[in-house]
Amino acid sequence: MDQNQKKKAAAEAALAFVQPDTIVGVGTGSTVNFFIDALASKKNDIAGAVSSSDASTQRLKKLGIEVFDLNSVDDLDIYVDGADEITEHKHMIKGGGAALTREKIVAAVAKTFICIIDDTKHVPILGRFPLPVEVIPMARSYVAREIVKLGGDPAYRQGVVTDNGNIILDVHNLEILNPVELENQLNNIVGVVTNGLFADRCADIVLTGTEQGVVKS
Ligand SMILES: O=C(CO)[C@H](O)[C@H](O)COP(=O)(O)O
C-alpha cells in the first residue's frame with residue numbers, strides 16, 4: 001500500500017462520521033481531496049459544507065456540494081482535515097498547504113475535529129516539519145526577527161500568497177516540547193495572523209491509514 005492509498009483509506013473512513021442533513025467542515029490538502037471525492041457520494045444526504053480554502057471550495061462545488069459561508073452557519077458537528085505532523089496527544093503541525101488560518105477558524109467552530117492521515121505523519125515530538133506561520137506582509141522582517149529570538153529559523157515561502165493575501169514563514173529547527181505555549185507565544189507577535197500549531201485546539205479523533213487498515217485513536 002503506498003502513501004496515497006493510506007490517505008484515501010483514512011479519508012473514506014471519515015465518511016462514517018458524516019450525519020444526514022448536516023453541514024460538514026472541510027479542510028485542505030491531498031488527503032482532504034480524497035475525502036471531498038468520497039463526500040460527493042453523500043451529496044444528496046448532507047446539507048452542504050463549509051470550506052477552509054479556495055482550493056477545497058472549488059473541488060466541493062465542482063462535485064455538486066453546496067458551500068456555505070461560515071458566517072451563515074451557527075455550528076458544525078465535524079471538521080475533517082489532514083495534518084503534517086501529529087503526536088500521541090493529538091497536537092498537530094498544519095499549514096503545509098498554506099491554509100492554516102481558515103483551517104483553524106473552521107476547526108474552532110466544529111464540535112469534533114477528525115484528523116485524517118497516513119502513518120508517516122505520527123511523530124514523538126513536533127518540529128521536524130517546518131512550522132508555517134501566516135504573517136501580514138509588511139510585518140515579515142519584524143516577525144522573522146522575533147521568531148529567531150524564540151529559537152527558530154524562519155524561511156520566507158517564496159511565491160506563496162495565502163487566500164487571505166498574506167505570506168508564510170516556515171520555521172525550521174524547532175523541537176517543540178510545549179506546543180500550547182509556543183502556539184500562544186507565536187500568536188502574540190504583532191503581525192502574526194496565526195501559526196500552524198494546532199495544540200490549544202487539537203484533534204479529537206485521528207484516523208490513520210496503515211498497512212493493516214485504518215486505525216482510530
Ligand atoms: O494543513 C494542511 C494544509 O494547509 C494540510 O492538512 C496538511 O498540509 C496535510 O496535507 P496532505 O493531506 O496533503 O498531506
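At what angle do helix 1 and helix 2 pack, and how far apart are their axes? I looked this up to start the page.

I am working on a predicted model, where local features need pLDDT of at least 70, side-chain atom pairs count only at pLDDT 80 or more, and totals for chains, interfaces and linings use all residues. I number residues from 1 along each chain as its sequence is written.

**Helix 1 with helix 2**

I find helix 1 (residues 3-13) packing on helix 2 at about 50°, with the axes 8 Å apart. That makes the pair oblique (angles under 35 degrees are roughly parallel, over 145 roughly antiparallel, 65 to 115 roughly perpendicular, the rest oblique). Axes are lines fitted to C-alpha atoms over the stretch in contact, with angles from 0 to 180 degrees between N-to-C directions. Helices are DSSP runs of H or I, at least four residues, numbered from the N terminus.

I list Lys7, Lys8, Ala10, Ala11 and Glu12 of helix 1 against Ser30, Thr31, Phe34, Phe35 and Ala38 of helix 2; contact means C-beta atoms, placed from the backbone, within 7 Å.

**Helix 2 with helix 3**

Next I checked helix 2 (residues 30-39) against helix 3 (residues 54-62): the angle is about 20° and the axes lie 10 Å apart. The two helices are therefore roughly parallel. On the helix 2 side I note Val32, Asn33 and Ile36, and these meet Ser56, Arg59 and Leu60 of helix 3.

Terms used: Contact = placed C-beta atoms within 7 Å.
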